[in-house]
Amino acid sequence: CFLHRSSALTRGQVPALTPVSRHRWHSLVSQGHVPQSARSSPSGLERVRTGEEGRRKLDRLGLRPLATAAEGYESLTVAQLKHFLDSAGIDYRDCYEKRELVDRLSSAEHSLSPHLRSDLEALVSRGGREVRPQSPSHSGLLQEEQRTIEVFDRSAPSVVHITTSSLVQQQFSLDISEIPLGTGSGFVWDQAGHIVTNYHVVRNAQKAKVNLADNTSFEAKLVGAEPDKDLAVLRIDTVTKGKTLVPLSIGSSHSLRVGQKVYAIGNPFGLDQTLTTGIVSGVGRDIKGITGRPIRGVVQTDAAINPGNSGGPLLDSQGKLIGVNTMILSPSGASSGVGFAVPADTVRRVVNQIIRHGKVIKPSLGVNCAADQQARQLGLAGVLVLSVVPGSGADRSGLL
């Protein structure tokens, strides 16, 4: 605490005080509690030891003791105290109670940087309230960690949790029961309310509910689906609730390279807004879809994908969609480090057709062709035909 004798200080002459003392001194001057005659000399302020002697001096001068730094820090939360101790590199592992954290920070004020001291003073002046989270650049995180956090913060509001159910009439009764079918993930495609997910997430469902990142729920209607690509588009009506959606940024999958960093956000086992990381393990994979037809150009990743992740986005380091997580290769049904995502270029083509036409229009020659990369590796020019669909135009023309 501090007091003044026959003279005090102007605002610009406050000596080196604790952040709390400096703030309280300015507050007293601005509120008129310091006499005009006591605002001119820098010798008017001195520190006083707490205890009986200090209180007697204050009583003789008619002053009340002001809050010490430790008392000011009592208004901070435990998380805030730990933040400043961590940022200053102060070890507090032996602190068991909040009071011990307060004392540790109070005794280590001298080791705080000017920036941290300024933040601490501002925080105490607000009583620990309405504090914005510290910028990652001041939190001691690694650069890679900061990028991961930024990708999640930017993309998570666009990821949704989907639950499906069916209506069943009870035996020997006219009552209708709603039976849960399963859960999955999805993401916001545009502000018109279109939600993209896997077809197998909503297959056989009579009702679908979409939960946004802020836990707002909407009944969804099926716009259309493409089972061969395991994609479906739902739509929710956000106008009635005045909700503004945050569409996910859409990237491209044609230039993906093995080893790129990827992020998967979804709701595995019902745990919403779960982030896992990995790399692109392979590109140009072919997998058999739920209809038995191959899905070509699939992205392989080792990012953990579990039941409930289906329909969620696979993102690049810029937070842009590069694929829709669709299936895993695992004998146990849990993540084994081999997951697959429908490539973003296929997603863009299919989703836009579903939104415009309600279905995917499929003009076809009736041929299955190898990827361009395979043809180049074999030194072939043109298109390498692998097979012909029986009964197609190509078959009737005798292509093979």
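Two residues are in contact when they have heavy atoms within 4.5 Å of each other. Among contacts in the protein between residues at least 6 apart in sequence, 60% join residues at least 24 apart. The model is predicted, and local features therefore need pLDDT of at least 70, side-chain atom pairs count only at pLDDT 80 or more, and totals for chains, interfaces and linings use all residues. Residues are numbered from 1 along each chain as its sequence is written, and side-chain values use heavy atoms, with hydrogens and water left out.

**The whole chain**

Begin with a cartoon view of the protein, which has 11 helices and 16 strands. Helices (H or I, at least four residues) and strands (E, at least two) are DSSP runs, numbered from the N terminus. Of the 400 residues, 40% count as buried; a residue is buried under 20% relative accessible area, exposed over 50%, and partly exposed in between, with a 1.4 Å probe and protein chains only.

**The barrel**

Next, select strands S3, S4, S5, S8, S7 and S6. In that order, these 6 strands close into a barrel with antiparallel pairing. From one strand to the next the twist averages 45°; the axes behind this angle are lines fitted to C-alpha atoms (for helices over the stretch in contact), and angles run from 0 to 180 degrees between N-to-C directions. Two strands pair if DSSP finds at least two bridges between them.

Thr164 has Ala208 in S6 as its bridge partner. S6 in turn pairs with S7 over 4 bridges, also in the antiparallel sense, and Val210 stands opposite Phe218 in S7. In the hairpin of S6 and S7, 5 residues lie between the strands, and Asn215 takes a positive phi near 70°.

Now select His161, which is found in S3. Is His161 buried or exposed? Its relative accessible area is 13%, so His161 is buried. Not counting residues up to four places away in sequence, the residues that His161 touches include Thr183, Gly184, Lys209, Val210 and Asp272.

Move to S4, residues 176-188, which pairs with S5 in the antiparallel sense over 2 bridges. Phe187 has Val196 in S5 as its bridge partner. Gly186 also has its place in S4, and Gly186 is buried, with a relative accessible area of 0%. Leaving aside neighbours within four places in sequence, Gly186 is in contact with residues including Ser158, Val196, Gly311 and Pro313. Display Asn325 as well: Gly186 and Asn325 are 139 residues apart in sequence and 9.5 Å apart in space, C-alpha to C-alpha.

**Strands S12, S13 and S14**

Select S13, residues 321-328. Of its 8 residues, 6 are buried, so S13 is largely enclosed by the rest of the structure. S12, residues 313-315, runs antiparallel to S13 and is joined to it by 3 bridges. Pro313 stands opposite Val324 in S13. The hairpin of S12 and S13 has 5 residues between the strands, and Gly319 takes a positive phi near 80° there. S13 also pairs with S14 in the antiparallel sense, over 5 bridges; Ile328 stands opposite Gly339 in S14.

**Helix H9**

Select residues 344-357, the 14 residues of H9. At 1.5 Å a residue they should span 20 Å, which agrees with the 20 Å between the end C-alpha atoms; the expected span is 1.5 Å times one less than the number of residues. Among the buried residues of H9 are Ala344, Val347, Val350 and Ile354. Strands S5, S7, S8, S13 and S14 are included in what covers the buried residues of H9. Just after H9, Gly358 takes a positive phi of about 80°.

**The largest pocket**

Finally, show the surface. The largest pocket has a volume of about 1500 Å³. Of the 41 residues that line it, the closest to its centre are Lys229, Arg296, Gly297, Arg349 and Cys369. On a 1 Å grid over the protein atoms alone, a pocket is an open set of points where a 1.4 Å probe fits, with protein on both sides within 12 Å along at least five of seven lines; lining residues have an atom within 4 Å of a point. Grid points are joined across faces, edges and corners, and the volume is the space filled by probe spheres set on the points.

Which element supplies the largest share of the lining of the largest pocket? That element is H10, with 5 residues. S10, S11, H9, S15 and H10 each supply at least two residues of this lining.
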